[in-house]
Amino acid sequence: MKQILKTTIFHVARWSGLTPALRKVFAGRAAILMFHEVQNDCRSELMTGTSADLFEYSLKWLRRSGWEIVSLEACLEGLAKDPRPRRYAVLTFDDGYRDNVSTALPILERNDAPFMVYVPTGAPTRTLQSWWLGLRELLRSRDAITIDAMGICFFCPDLDSKVSAMNRITEWIHEDYNRAEMLEPTFRKAGIVLSALNDTYFLNERELQNLSQHRLASIGGHTESHPALACLDAVSARSEMASNRSYLENLLQRPVLHVAYPYGTVGACGLREEQLAREIGFSSAVTTRHGQVSDCKLNQFALPRIGVGGKFDTRVAFEARMSGIQSAVQMLMGRG
Ligand SMILES: [Zn+2]
């Protein structure tokens, strides 16, 4: 219901010509967009990524609407030095999925758009505990699943029920990140091997080396094993970030200056992680907290982003986020 009301408000604002006025109040000077997978067939991946169609549309829309698509470095430099009222858009991809190269890269090349890919060590080394891939595989291949750790059986014979089970289990893990490990016995029983899924879905070392040499690409850090850093002690949190940085610099033979906190929510990273990122020598860090970047209160170690993708992501919702309508609606209705 809330979703329908929001969509209606988006449409009204869009067609009544309210957008430019809202943009002045709610839109920032820069927006860092967050993508994960970019898929040709979103339904078969249970609506977990961004469709190639929406991806290309969003790039064209940004240009048409006066956003300059630049690298993260150019954006940060521009915000610090350039007093002209330009608006920058930065494209970021988390985790290092294969389809970032097979599907998104041709679109990025066609649109001459620079981009950043944040890579955890465990993806190319195939050791990542990628529970979200295991869960998707489990739901895709079965019409009913039991998550022993939750004590719940989900009946999920069609796309809608599979997507809602996926969302429910994911929310349960976000409430306490230690629960991710509790899915392991369920995967084992179902014969799901995460290292094999890592091999299917994530770029390997050779592919990352090639990508890092692409004129439009930058590679950033995303920790070693993709934990919620705030749940670790300080020594482990530092080591997660520092060892991933050394690994990538050694593999790619170039400096790695930017990092994305895994999960990126308030519960997963905070002031301590900002301090660690600074001490380790990164020059920026992104979160998954929703918002645009304004130059007056810029914290380079807790940059907000705008997620694009998932079940409800449509052209209208994307435009609303970029124009500031979503922020206005959230203020009126409370967040959610
Ligand atoms: Zn991630």
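Tutor: Let's start with the naming: helices (H or I, at least four residues) and strands (E, at least two) are DSSP runs, numbered from the N terminus. This is a predicted model, where local features need pLDDT of at least 70 and side-chain atom pairs count only at pLDDT 80 or more, while totals for chains, interfaces and linings use all residues. Residues are numbered from 1 along each chain as its sequence is written.

Student: Fine. How many helices and strands does the chain come to?

Tutor: The chain has 14 helices and 12 strands. Tyr 263, for instance, lies in the loop between strand E10 (258-260) and helix H12 (271-280).

Student: What makes Tyr 263 buried?

Tutor: A residue is buried if 20 or more other C-beta atoms lie within 10 Å of its own, exposed if 12 or fewer, and partly exposed in between, with C-beta atoms placed from the backbone. Tyr 263 has 21 other C-beta atoms within 10 Å, so it is buried. Its phi is near 65°, a positive value in a residue other than glycine.

Student: Where is His 226 found, and what makes it count as buried?

Tutor: His 226 is in the loop between strand E9 (217-221) and helix H11 (234-252). It has 23 C-beta neighbours inside 10 Å, so it counts as buried.

Student: And Asp 143: buried or exposed?

Tutor: Asp 143 has 12 other C-beta atoms within 10 Å, so it is exposed. It is found in the loop between H6 and E7. Its C-alpha and that of Phe 155, 12 residues apart along the chain, are separated by 6.1 Å.

Student: What does Asp 143 touch beyond four places away in sequence?

Tutor: Cys 156 and Pro 157. Touching here means contact: two C-beta atoms, placed from the backbone, within 7 Å.

Student: How do you know that the span of helix H7 (residues 159-175) agrees with what it should be?

Tutor: The expected span is 1.5 Å times one less than the number of residues. For the 17 residues of H7 that should give 24 Å, and the end C-alpha atoms are 24 Å apart, so the two agree.

Student: Which residues of H7 are buried, and how do you know that they are on the same side?

Tutor: They are Lys 162, Ala 165, Met 166, Ile 169 and Ile 173. These residues cover an arc of only 100° around the axis, so they sit on the same side of H7. The arc is that of the directions from the helix axis to the C-beta atoms. The face turned away from that buried side carries the exposed Asp 160, Glu 171 and Glu 175. Helix H6 (131-141), strand E7 (144-147) and strand E8 (152-155) are among what covers the buried residues of H7.

Student: What makes something a nonpolar core?

Tutor: It's a set of buried Ala, Val, Leu, Ile, Met, Phe, Trp, Tyr and Cys residues joined through C-beta atoms within 7 Å. The largest one here has 66 residues, and those touching the most other members include Ala 31, Ile 32 and Leu 33. Strand E1 (residues 30-35) gives the most to this core, with six residues. A second, separate core of 16 residues includes Met 47, Leu 139, Ile 147 and Ala 165.

Student: Why are E1 and strand E12 (residues 303-307) called paired?

Tutor: Strands pair if DSSP finds at least two bridges between them. Two bridges join E1 to E12, which run parallel, and Leu 33 stands opposite Ile 306 in E12. Strand E11 (residues 284-290) and E12 also pair in the parallel sense over two bridges.
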